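Colleague: Can you walk me through this model? I have some questions about its side chains.

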Amino acid sequence: MTRNQSPTHEHHSDTPPGEMHRGLKNRHLQLIAIGGAIGTGLFMGSGRLVSVAGPSILFIYAIIGFFVFLIMRMLGELLLSNLHYKTFGDIAKDLLGPWAGFFVAWNYWFSWVIACVADITAIVAYTQFFWPEIPLWLPALCAATLLLLLNLQPVKWFGEMEFWFAIVKILAILALIGTGLVLIFTGFSHDGFQASFTHLWDQGGMFPLGLSGFVLGFQMGVFSFIGVELVGTAAAETENPRKNLPKAINSIVIRILVFYVASLAIIMSITSWTELEAGKSPFVQTFLLAGFVPAALVINLVVLSSAASSANSGVYSGTRMLFGLAKDGHAPARFALTDSRGVPTRAVFVTAVLLFTAIPLLYAGQGVVVAFDFVATMCATLVLFTWGSIVVSYIVYLRRRPQLHEASRFRVPGARFAPWLVLAFFAFLIGAFLYSEGTRWATLAAPVWFVILTVAWQMRKRSLLRQGKPLTGTIPTVRHPLDED
């Protein structure tokens with residue numbers, strides 16, 4: 001039995017006891033969608049990407065962004081085909097079977113725990129910019145504790161925090177682009193290097209490190225986009241998903257062009273890409289190399305808040321997956337308990353407490369950069385399974401429920417061939433991961449995780465059958481209260 005009481009606020013009137021509240025408004029969802037695509041991978045990981053790929057990073061981001069948009073369109077159509085879906089874990093169990101819901105939800109929860117650990121290592125790196133002598137464990141401990149406290153608040157507070165976090169990130173990137181354009185058109189120079197768009201191709205061309213560097217760049221490029229699917233998780237707690245979700249997903253294209261392609265093009269035009277170091281934020285390095293120390297300090301504060309925002313979103317998303325697992329009988333029932341505000345407090349605690357593993361990780365390797373690269377590689381490998389589950393679910397949806405596809409107001413463009421195109425791209429990405437020595441072992445280790453999940457599923461399945469319980473929760477097919485007339 002849950003501890004949640006019937007909500008008293010009017011906008012919660014359609015929320016059953018024991019369920020999470022729809023406390024996110026349109027502005028929250030739109031900014032969560034933007035913030036989910038601007039995180040540690042862009043602010044810190046792009047430095048590593050530039051060092052291995054050079055200016056071809058622009059093509060890498062554009063290509064990955066195109067496929068991410070297709071995946072999000074598939075997710076959007078699936079979520080809107082039945083508003084009783086809360087996450088893509090629900091979609092997988094409904095269309096692929098109970099085992100798929102178990103695998104997808106646990107894998108996504110685990111990948112977010114890893115991503116949050118990566119964010120905390122990035123926070124440590126950013127903190128060292130201001131206090132080089134600070135012990136590594138201190139900012140990691142403070143960040144993990146803060147994330148735990150933030151996620152124990154009602155979802156409307158999460159939406160409000162991410163709204164303002166996203167505003168800060170957007171303004172910072174737009175300021176960088178605006179400042180860069182001024183420097184380029186005024187012919188600004190530093191250390192004999194004059195700002196110009198020609199630097200995108202005059203230092204060995206757009207592919208200075210050859211095809212090899214271009215292929216290697218996709219691993220960290222994928223990590224940069226982890227979190228964009230958060231808009232699908234947040235839709236379950238949004239007041240008007242049929243109106244707000246399409247807007248958030250359709251804006252992905254312009255976000256990728258502005259926040260990824262344009263910002264990195266500006267950076268490499270005003271600072272030689274050969275000067276940008278792996279493990280450091282190119283946004284901060286650009287202002288430092290250009291002599292704008294105060295601006296570099298401000299940008300570093302922005303990227304610090306961005307890492308905190310990304311980790312905050314990760315705890316939120318992982319918590320909701322764990323909540324759904326408990327509802328389905330795939331995790332201990334205590335994780336499905338909510339308080340009177342609709343917050344799954346126990347799921348929050350067990351997810352957030354694992355972030356403290358970032359502390360020993362920082363001391364186990366050769367420092368922050370090595371720790372960040374390790375967890376980023378692990379996370380990029382696992383997220384392909386999550387995205388793949390969305391694509392395969394969409395293929396099954398088209399075959400089993402063609403009438404819903406035809407009736408949809410948010411159909412995927414080129415729906416018949418788009419999923420197969422995405423799966424072919426995933427095959428290329430796996431090949432790219434195996435090609436790089438730095439990502440090969442993390443990729444080869446992924447099957448071990450799925451073997452563990454297989455054993456866990458068989459044990460859970462036998463336990464449920466023995467108790468006479470269903471293998472998973474059911475997805476209602478009746479009309480949802482939020483469905484339009």
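Colleague: Which residues form one aromatic cluster?

Modeller: F59, F66, F67, F207, F214, F218, F425 and F428 form it. Rings of Phe, Tyr and Trp (its six-membered ring) pair here if their centres lie within 6.5 Å; planes under 30 degrees apart are stacked, over 60 edge-to-face, and the rest tilted. Before you read further, this is a predicted model, where local features need pLDDT of at least 70 and side-chain atom pairs count only at pLDDT 80 or more, while totals for chains, interfaces and linings use all residues. Residues are numbered from 1 along each chain as its sequence is written, and side-chain values use heavy atoms, with hydrogens and water left out.

Colleague: How many aromatic pairs does a search of the whole structure find?

Modeller: The search finds 23 aromatic pairs. In one of them, Y61 and Y260, the ring centres are 4.8 Å apart and the planes are at 70°, so the pair is edge-to-face. That pair links distant parts of the chain, with Y61 in helix α3 (residues 57-81) and Y260 in helix α11 (residues 252-270), 199 residues apart. Helices here are DSSP runs (H or I, at least four residues), numbered from the N terminus.

Colleague: Are Y61 and Y260 buried or exposed?

Modeller: Both Y61 and Y260 are buried. The cut-offs are under 20% relative accessible area for buried, over 50% for exposed, and partly exposed in between (1.4 Å probe, protein chains only).

Colleague: And what about the rings of F214 and F218?

Modeller: Their centres are 5.2 Å apart and their planes are at 85°, so F214 and F218 are also an edge-to-face pair. Both residues lie in helix α8 (residues 210-225), four residues apart, which is about one turn of the helix. F214 and F218 are both buried.

Colleague: Why do residues three or four places apart point the same way?

Modeller: An α-helix has 3.6 residues a turn, so residues at that spacing point the same way.

Colleague: Which residue lies over the face of F410?

Modeller: R73 does, at 4.1 Å from the ring centre. A charge counts as over a ring if NZ of Lys or CZ of Arg is within 6 Å of the ring centre and within 35 degrees of the ring normal.

Colleague: Changing topic. How many salt bridges are there in the whole structure?

Modeller: The search finds four salt bridges. Each is a side-chain nitrogen of Lys or Arg within 4 Å of a carboxyl oxygen of Asp or Glu. D90 forms one with K93, and their closest N and O atoms are 3.4 Å apart. D90 and K93 are three residues apart in helix α4 (residues 88-95), so about one helical turn separates them. Both D90 and K93 are buried.

Colleague: What does D94 form a salt bridge with?

Modeller: Its partner is R401, with the closest N and O atoms 3.0 Å apart. This pair links distant parts of the chain: D94 is in helix α4, R401 is in the loop between α16 (368-400) and α17 (402-407), and they are 307 residues apart. D94 is partly exposed at 24% relative accessibility, and R401 is partly exposed at 22%.

Colleague: Which residue does R411 pair with?

Modeller: R411 forms a salt bridge with E406, the closest N and O atoms being 3.4 Å apart. R411 has 38% relative accessibility and counts as partly exposed, and E406 is partly exposed at 48%. Elsewhere, salt bridges that share partners join D90, K93 and D328 into one network.

Colleague: OK, helix α5. What span should its 33 residues have?

Modeller: At 1.5 Å a residue, helix α5 (residues 98-130) should span 48 Å, and its end C-alpha atoms are 49 Å apart, which agrees. The expected span is 1.5 Å times one less than the number of residues. Helix α5 is mostly covered, with 26 of its 33 residues buried.

Colleague: Where is T87?

Modeller: T87 lies in the loop between α3 and α4. T87 is buried, with a relative accessible area of 8%. V231 is 144 residues from T87 in sequence, but their C-alpha atoms are 9.9 Å apart in space. V231 lies in helix α9 (residues 230-234) and counts as buried at 2% relative accessibility.

Notes:
Helices (H or I, at least four residues) and strands (E, at least two) are DSSP runs, numbered from the N terminus.
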